[in-house]
Amino acid sequence: RVLFRSKDLTPVIWMGGQPFTLGVSSSLGVNTVKEFVELMRRNPGKYNIAGAGGQRMTMEKFMLTFGVKMEGINFRSAGDATTALMGGQVDMQLNNVSTLAPAAKNGTVRILAVAGSRRAAIAPKLPTVAEAGVKGYAVDAWFGVIAPTGVARDTLAKLNAQLAKLGGKG
């Protein structure tokens, strides 16, 4: 069931964003994005990729970009998917670095790269997928405010101005 269509919505303001990171189960024994992609290509359909909600599109884009076939596993929340990654029930997840970092510290998850277009300020030494030698993939999460189509322009302008005071970006 379609809840809304883009033509039903009007952007008000972009509030910010953060890049996703590519985390894999440490049990896979891979240390780089290239090694991971090669493993997936050698074993089509053997491994899985976890996500929740809107992450489904990032999962599909990953598989299409790299020409790999993985089973997509959907969870109620990104936290549930991370818990499954930490427990070895899933092989890979694309999630923000602040969610995957604790799992990486305890050794159950290896973060291979930032999946976004630029390095993450919170993990400046972590390369992007492109810097890791695998071109063509970048996914950034963004957060914004939208309104129904038809809201008066002056109302949108007032909303934008107030939200900009709270840290919105235009």
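A pocket here is an open set of grid points with protein on both sides within 12 Å along at least five of seven lines. The model under discussion is predicted.

Q: What is the volume of the largest pocket, and which residues lie nearest its centre?
A: The volume of the largest pocket is about 190 Å³. Its lining counts 15 residues, and Gly17, Gln18, Pro19, Arg118 and Ala120 lie nearest the centre.

Q: Which element gives the most to the lining of the largest pocket?
A: Strand E1 does, with 5 residues. E1, H4 and strand E6 (140-148) each supply at least two residues of that lining.

Q: Why are strands E2 and E3 called paired?
A: Pairing requires at least two bridges. E2 (residues 48-52) and E3 (residues 71-75) have 5 bridges, in the parallel sense, and therefore count as paired. Ala52 stands opposite Phe75 in E3.

Q: What makes up the β-α-β unit, and what is its handedness?
A: E2, helix H2 (residues 55-66) and E3 make the unit, which is right-handed.

Q: Why are the buried residues of helix H3 said to line one face?
A: In H3 (residues 78-86), the buried residues are Ala81, Thr82, Ala84 and Leu85. Seen down the axis of H3, they fall within an arc of 160°, so they line one face of the helix.

Q: Which elements do the buried residues of H3 pack against?
A: They pack against strand E1 (9-25), E2, E3, strand E4 (92-96), helix H4 (97-105) and strand E5 (109-114).

Definitions and conventions. Residues are numbered from 1 along each chain as its sequence is written. This is a predicted model: local features need pLDDT of at least 70, side-chain atom pairs count only at pLDDT 80 or more; totals for chains, interfaces and linings use all residues. Side-chain values use heavy atoms; hydrogens and water are left out. Helices (H or I, at least four residues) and strands (E, at least two) are DSSP runs, numbered from the N terminus. A crossover is right-handed if, with the strands pointing away from the viewer, the path from the first strand over the helix to the second runs clockwise. Buried means under 20% relative accessible area, exposed over 50%, partly exposed in between (1.4 Å probe, protein chains only). The arc is that of the directions from the helix axis to the C-beta atoms. Contact means heavy atoms within 4.5 Å. On a 1 Å grid over the protein atoms alone, a cavity is a set of points where a 1.4 Å probe fits but cannot get out, and a pocket is an open set with protein on both sides within 12 Å along at least five of seven lines; lining residues have an atom within 4 Å of a point. Grid points are joined across faces, edges and corners, and a volume is the space filled by probe spheres set on the points.
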